Amino acid sequence: MAKPAMTITGRCLCGTVVIEIGVPARWAWHDHSPASRRAHGAAYATYVGAYRSRCRVVEGDRHISTHDDAKTGAKRSFCAKCGAPLMYERAHAPAMINLPRALFDDGTGREPRYHIAIDQMAPWTYLGERLVPLKGFPGVVWDRSRKKKRDVL
């Protein structure tokens, strides 16, 4: 890969795998599909897309494991040491690599403005409800909107 003029570096949870992409990224989006939800263990995954030619593994390539989805033709890779998701490749877009936005501390040059599979959103996804501090637990907030009904004796 010819190194782009500007790059950012991302890493897995344990730091074993280091990935570099050129900025700005091509696009960014939130993926609400069940496959991405399960792959990330979260309500949805936020990805940035980069041209394959502007993406490279800088360190730890021997610690990357992959899962090929025979049904969709997608390929997901993750760090074999810490399990962090790394890359998501789709058969219909061979020139692109999608990476979890959370791998990068620095800006990618793109804000996620798109939502994929919004109709498959998990019913427990946080949608911006008002949150208040939970007394006695610094840094914890909760949704107090549900009012308990008292049993009438």
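Trainee: Which residues lie nearest the centre of the largest pocket?

Mentor: This is a predicted model, in which local features need pLDDT of at least 70, side-chain atom pairs count only at pLDDT 80 or more, and totals for chains, interfaces and linings use all residues. Residues are numbered from 1 along each chain as its sequence is written, and side-chain values use heavy atoms, with hydrogens and water left out. A pocket is an open set of points on a 1 Å grid over the protein atoms alone, where a 1.4 Å probe fits, with protein on both sides within 12 Å along at least five of seven lines; lining residues have an atom within 4 Å of a point. Of the 16 lining residues, those nearest the centre are Ala35, Thr72, Ala74, Arg76 and Tyr88.

Trainee: Which element gives the largest share of the lining of the largest pocket?

Mentor: Helices (H or I, at least four residues) and strands (E, at least two) are DSSP runs, numbered from the N terminus. Two elements give two or more residues to this lining, β3 (27-31) and α1 (34-40). The largest share, three residues, comes from α1.

Trainee: How many residues of strand β4 are buried, and which residue is the bridge partner of His30 in β4?

Mentor: Buried means under 20% relative accessible area (1.4 Å probe, protein chains only). By that criterion β4 (residues 45-51) is mostly covered, with six of its seven residues buried. Two strands pair if DSSP finds at least two bridges between them; β4 is joined by five bridges to β3, antiparallel, and by five to β9 (residues 96-100), also antiparallel. Gly49 stands opposite Asn98 in β9, while the partner of His30 is Thr46.

Trainee: Which residues does the cis peptide bond join?

Mentor: Most residues other than glycine have a negative phi, and most peptide bonds are trans. Ala117, in the loop between β10 (114-116) and β11 (132-133), has a positive phi near 60 degrees. Pro24 lies in the loop between β2 (18-22) and β3. With omega about 5 degrees, the cis bond joins Val23 and Pro24.

How values were computed:
Buried means under 20% relative accessible area, exposed over 50%, partly exposed in between (1.4 Å probe, protein chains only).
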